Amino acid sequence: MYGIFRECWVDLKRYGGLGNGSIWIIFWLLLLISSIYLIVKESDVRKKIIFGVMPLVVVAGFLFPITKKLFVKVAGIDNANTYYRVLWIIPMYVTIAYAFTKLIASLNSTVKKRTAVGVAAVVIIITGSCVYANEHVYMAENIYHLPQNVIDICDKIKPTEDEGIVRAAFPPELVYFVRQYDPNILMPYGRDYVDHDYYTGVFKVMKEEEIETQELLYYTRVDLDRYIILPADKKLDEDITMYDAKLVGTIDGYNIFEDILISENREEEREDYVNARMNVYGE
């Protein structure tokens, strides 16, 4: 049970912004203080329950190991890593903003109100960051507000109605946007792996300055990735087309390779390739 609690605790920290050092503590402290304040001061019972009681109950339930065990039992073991989404039902920022607003409105002098607004502004500045300084913020190129090269690549590899879904390995800089455009394109790793440098085979290889071709193919074939997208200037120690992969297009500096063993359902050959290299690359 303690191990499950630790997993829940890590998810709670990640949800608060683990990448920003100890800032996550401030978010949860603000929510705790705001919820308690509204429980005490709010006269509307519905608002007291939604903004005061409910956030505390959800957090307490989230950290309770039995809750996660029930979630996994209902949702299935494959969805165990999505347990953190339970926290999405907490109106965190609405609760904090409403509590601050109610506090400021209750003050009886202009000086106090201005001071409270100043404190709120400082808290926002300390716990936030300038959105325009983010590397992924740029002038919109299309109505989707996504990089045009991602859209063009997705249109090139998107599955047909009969296929349903397709698996593709994208380089780290593109994974942020793919499923925003087409949820039917699945990837071996997502933005959480890139942001927190989590380990997975494909991601490990994609980060290398020079990719070992057969290592990349080993991991993508284990993951059943039909397509491999690589920057055109990415160095590979061997020509990938020597190993049953073909270049199907180049879009805005990215080469799109299709794994023939997967696209043609040559399962026996794929398994032979994976098994032959498992002792070298497998964990």
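Helices (H or I, at least four residues) and strands (E, at least two) are DSSP runs, numbered from the N terminus. The model described here is predicted: local features need pLDDT of at least 70, side-chain atom pairs count only at pLDDT 80 or more, and totals for chains, interfaces and linings use all residues. Residues are numbered from 1 along each chain as its sequence is written, and side-chain values use heavy atoms, with hydrogens and water left out.

A nonpolar patch on the surface is formed by I25, L29, L32, I33, I36, I39, V40, V45, I49, I50, V53 and V57, which together have about 1,000 Å² of accessible area. The elements that contribute two or more residues to the nonpolar patch are α2 (23–41) and α3 (45–63). Helix α2 supplies the largest share, seven residues. Patches consist of residues with over 30% relative accessible area and no salt bridge, where like charges are joined within 9 Å and nonpolar side chains (Val, Leu, Ile, Met, Phe, Trp, Tyr) within 5 Å. A salt bridge is a side-chain nitrogen of Lys or Arg within 4 Å of a carboxyl oxygen of Asp or Glu. Accessible areas come from the Shrake-Rupley method with a 1.4 Å probe, and for residues only the protein chains shown count as cover. V53, a patch member, lies in helix α3 and counts as partly exposed because its relative accessibility is 34%; buried means under 20% relative accessible area, exposed over 50%, and partly exposed in between (1.4 Å probe, protein chains only).

Strand β1 (residues 166–169) takes part in two parallel pairings. One is with strand β2 (residues 185–186), over two bridges, and in it V166 has I185 as its bridge partner. The other is with strand β4 (residues 227–231), also over two bridges, where A169 is partnered by I228. Two strands pair if DSSP finds at least two bridges between them.

Individual residues were also examined. D259 is found in strand β7 (residues 254–259) and, at 1% relative accessibility, counts as buried. Its contacts (heavy atoms within 4.5 Å), not counting residues up to four places away in sequence, are L217, R221, D225, R226, D244 and A245. T200 is placed in the loop between α9 (191–196) and α10 (201–206). D152 lies in helix α7 (residues 148–157) and, at 31% relative accessibility, counts as partly exposed. The C-alpha atoms of D152 and D252 are separated by 8.9 Å, although these residues stand 100 residues apart along the chain.
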